[in-house]
Structures are given as structure tokens and as C-alpha cells.
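Please read them beside the sequence and the coordinates.

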Amino acid sequence: MREKKVSVILLSMGGPDTISAIRPFLFNLFRDRDIIPIPGGPVVQTLFAYVVSGIRARKVRPLYEQIGGGSPIASITEAQARKLELFLNEEGPCRFTTHVGMRYWYPFVKHAVSEVREEKPDLLVALSLYPHYSRTTTGSSLRELKRCLERWKVDVPLRVVREYPDHPGYIASLREKILPLVKESSPERTAIVFSAHGLPKGLIAAGDPYLSQVETTVKRVMDDFPGFPWYLSFQSRLGRDWLEPDTEEVIRLARRSEFEKVVLVPVSFVCDHIETLYEVDIYYRQVAEEEGLEFARAG
């Protein structure tokens, strides 16, 4: 009997791996109408993306320079894919292969689909690396995946791992990162701050489940840390009408509330990139130090 073949595509955002890739990465991101739908259709959207990516690239270039000149998200995700492939082939009766499909930079979703087409699998599994579903993240990646499957005429059964906000393995991984940072601390002096990527409030009001899923994750994690005060905050906010409170504001609030230590938990990320390596490790650490707070990052 022929061994069943299963291809797995890990879906994520991607990131510029060099300084020269920053603007084209941002152009691809701002051209995505699932994130910022500009009135006027694709032509106006493309013009918007061209202008804004140029402005934004000049602003964020120094930040990427501070973390080594590019995002490591692609290399980390490739390593995750290889480890997952080894694990699946040890545990299961099928023959698994894994692929990486990034939404806005190499390797793109289309590259993963091209590889899958050559493999001719019996089943394709799309695994979102966003633990919490949003139409702007997982939703956009899945729509791109389906477009590529149609374009490349890949006719194979598709199963989707869309979200996992309360999966025991995901919750356990967060708890394991937090535990060593608080086991010698007292609840009276330590605040746990969960920092998730921001989204527009209007998106949540329209029914996007992202916020409720993040809240579910935080509550499940905190079941193991009774007595510790905690906050949920949001980073990478691009406007006043985005989810609140801002992570910087919460860190400063912790000091006014007479805490002595902040444990920051990046809750909606599964690997390091600009938002953990710069925003958390550099910027928020500086904010905490300015406030006289001891700072620790989980993960």
C-alpha cells in the first residue's frame, strides 16, 4: 500500500531580511487590501502603498539596523518547519514535508505552493503561525494561499489550522517562559504584562475574533499564576483608533502602581522579529529602565 503524502505549509507574515528589502516588504504589506482597504480600488491602493512604504522605510531603517540589519523571521520559521517535519515523520504513519509561505517577503506563499505542486501530495495542511485569528493576518494568508492554488492548478484536499488560542501546547509554552521569571518574585512587586499586536478597533467591532482569542490565551495562562497582577496591552499601533491600552503606557502605569518589576510577555508571536527584538527588547526595556523598573521578557 502506497504511503500517504502530506504537505504542510507554515503561513506567516515575513519580514525584510536586509536593509534594501525594507521598502519592497512594506510596499507589499500596504498594498494588501485585507489590512488597509483604500477607497478607489487596486490602482489607488498601489499608489498609496508606494508613497507610504517610502515614508515608513526611512523611519524604520534605523530600527532594523539595531537588530542586525534585517528580520530573522524567515530563518527562524524555516528552522521551525524542519523541526516540525522531523517530528511529524517520527510520530505519524504518513510521509510529511514542510514548507514556508510568507505573505509579504521571501519565501512567498507562491513559492511554497510551487513546491507542493511538484510533490503531488494526497493532502495539504495550511498551518497558521498566528495563534489568534484575524482577517488581516491568517485571513489574508489563507486567501493568498487559495489564489495561488487556483493559479498553479493544485487540486488537493486542504485542511486548515486556523487558530489555537487555548491549545494546551501553546498555553504550556507561554507558561514555561514566564515561570522562571516570576518564581523568585512576589505578586506584590511584580506585574505580568501581555503585549499583543494592535489592530483597529473598527475591525474588532465588525466581528473580528482576534481580541477575544487573545483574552482567552491570557486567562488560560494566568490560571497557573494566581495572585499575580496582570495587564493586556497592545504594541505596533498605527493610529488612535487602535486597540488600547498601549504597552508603553501600561509599563509606566505599573511604576505608578508601585510595582518594582515588569515581566513582558509577547503573546501573539511565535518567533522573534522586529516587534520583539526592537520594540520589546530595546524600546520597552528602555521605558522600564527610565521608570526605575526591573524588566524581564518572556521568550
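1. By about how many helical turns are E248 and R252 separated in helix α9? The answer is about one, because the two are 4 residues apart in α9 (residues 247–256). Helices here are DSSP runs of H or I of at least four residues, strands are runs of E of at least two, and both are numbered from the N terminus. An α-helix has 3.6 residues a turn, so residues three or four places apart point the same way.

2. A word on the basis. This is a predicted model, in which local features need pLDDT of at least 70 and side-chain atom pairs count only at pLDDT 80 or more, while totals for chains, interfaces and linings use all residues. Residues are numbered from 1 along each chain as its sequence is written, and side-chain values use heavy atoms, with hydrogens and water left out.

3. E248 and R252 form a salt bridge, with the closest N and O atoms 3.0 Å apart. The term means a side-chain nitrogen of Lys or Arg within 4 Å of a carboxyl oxygen of Asp or Glu. The structure holds 21 of them.

4. R252 also forms a salt bridge with E290, at 3.4 Å between the closest N and O atoms. R252 lies in α9 and E290 in helix α10 (residues 274–290), so this pair ties together parts 38 residues apart in sequence. R252 counts as partly exposed, at 22% relative accessibility. E290 counts as exposed, at 59%. The classes are buried under 20% relative accessible area, exposed over 50%, and partly exposed in between (1.4 Å probe, protein chains only).

5. Salt bridges that share partners also join D32, R103, E144 and R147 into one network. Within it, D32 pairs with R103, the closest N and O atoms being 3.7 Å apart. This pair links distant parts of the chain: D32 is in the loop between α1 and α2, R103 in the loop between β2 (95–102) and α4, and 71 residues separate them. D32 is buried, with a relative accessible area of 6%. R103 is buried too, at 13%.

6. E144 is found in helix α5. E144 is buried, with a relative accessible area of 15%. Leaving aside neighbours within four places in sequence, E144 is in contact (heavy atoms within 4.5 Å) with R103 and V109.

7. Does the length of α5 agree or disagree with what its residue count should give? It agrees: at 1.5 Å a residue, the 14 residues of α5 (residues 138–151) should span 20 Å, and the end C-alpha atoms are 20 Å apart. The expected span is 1.5 Å times one less than the number of residues. After α5 comes K153, whose phi is positive, near 55°.

8. Buried residues of α5 include T138, G139, L142, L145, C148 and L149. Their cover includes β1 (5–12), α4 (109–119), β3 (123–128) and β4 (158–161).

9. Helix α1 (residues 22–30) is mostly covered, with 7 of its 9 residues buried. Among them are F25, F27 and F30. What covers the buried residues of α1 includes α2 (42–66).

10. Strand β2 is also mostly covered: 6 of its 8 residues are buried. Strands β1 and β2 run parallel and are joined by 8 bridges. Pairing requires that DSSP find at least two bridges between two strands. L11 has G101 in β2 as its bridge partner.
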